[in-house]
Amino acid sequence: MLKNRLLFTGVLLTLAISTARAEYDLVWAEEFDDAAIDPAHWTCPVHHGVARTAPDVAFYTDRPANVRVENGQLVLVAQREAYDLAAFTSGRLHTYDQRAFTYGRVEMRVQAPSQSGLRPQARLL
C-alpha cells in the first residue's frame, strides 16, 4: 500500500511593522499542539481533486487516515485505495475565509516524501 506523509510541524506568520529594520509582530501561529485540527483556523475540504489540465486521480478526505495531528505535527497521508471512483485518497487543509494577510513573513517547517510520482505541496496563495 502506498502511504506517504507530508508533515507540517508549524506555521508562523508575522507582519512587518517597520520598513527600516526587519522587525515583526507575531499575528498568528499554529504549532499543532492540540489533539485535533482546529476548525477555527483550518478547513479540510472533501472533494475529488482537479488539476488544471485533467482530473486528479485522488479524492481528498477529512478522514483521520488522511489528515490528522500526531505528536505536534500535522500529518497528511496519501494512500492507494479505491474511494469514490478515485484510485488514491489524500488530505489537504487551507485557511481560505479564515485567515488573510497582505504583507508579512511566513515560516513553516515541512518534511515531504521524495518518492517518484508524488506531488507534495506546501504553498501560499
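## Confidence

Where in the chain is confidence lowest, and where is it highest? It is lowest in strand β1, residues 3-18, with a mean of 50. It is highest in strand β5, residues 67-70, at 92. Over residues 14-19 the pLDDT is below 50. Beyond near neighbours in sequence, that stretch has 19 contacts in the model.

This is a predicted model. The mean pLDDT of the chain is 76. Of its residues, 76% reach 70 or more.

## Salt bridges across the chain

Side chains of opposite charge can pair when their charged atoms come close. The count here is three salt bridges.

One joins Arg-109 and Glu-31, with the closest N and O atoms 3.9 Å apart. Arg-109 lies in strand β8, residues 105-111, and Glu-31 in the loop between β2 and β3, so the pair ties together parts 78 residues apart in sequence. Arg-109 is partly exposed, at 48% relative accessibility. Glu-31 is partly exposed as well, at 32%.

Another joins Glu-81 and Arg-63, with the closest N and O atoms 2.5 Å apart. This pair also links distant parts of the chain. Glu-81 sits in strand β6, residues 73-83, and Arg-63 in the loop between β4 and β5, 18 residues apart. Glu-81 has a relative accessible area of 22%, so it counts as partly exposed. Arg-63, at 23%, is partly exposed too.

## The Glu-70 and Arg-68 pair

Glu-70 and Arg-68 also meet through their side chains in a salt bridge, at 2.9 Å from N to O. Glu-70 is partly exposed, at 26% relative accessibility. Arg-68 is partly exposed at 21%.

Key. Residues are numbered from 1 along each chain as its sequence is written. This is a predicted model: local features need pLDDT of at least 70, side-chain atom pairs count only at pLDDT 80 or more; totals for chains, interfaces and linings use all residues. Side-chain values use heavy atoms; hydrogens and water are left out. pLDDT is the predictor's confidence in each residue, from 0 to 100. Helices (H or I, at least four residues) and strands (E, at least two) are DSSP runs, numbered from the N terminus. Contact means heavy atoms within 4.5 Å. A salt bridge is a side-chain nitrogen of Lys or Arg within 4 Å of a carboxyl oxygen of Asp or Glu. Buried means under 20% relative accessible area, exposed over 50%, partly exposed in between (1.4 Å probe, protein chains only).
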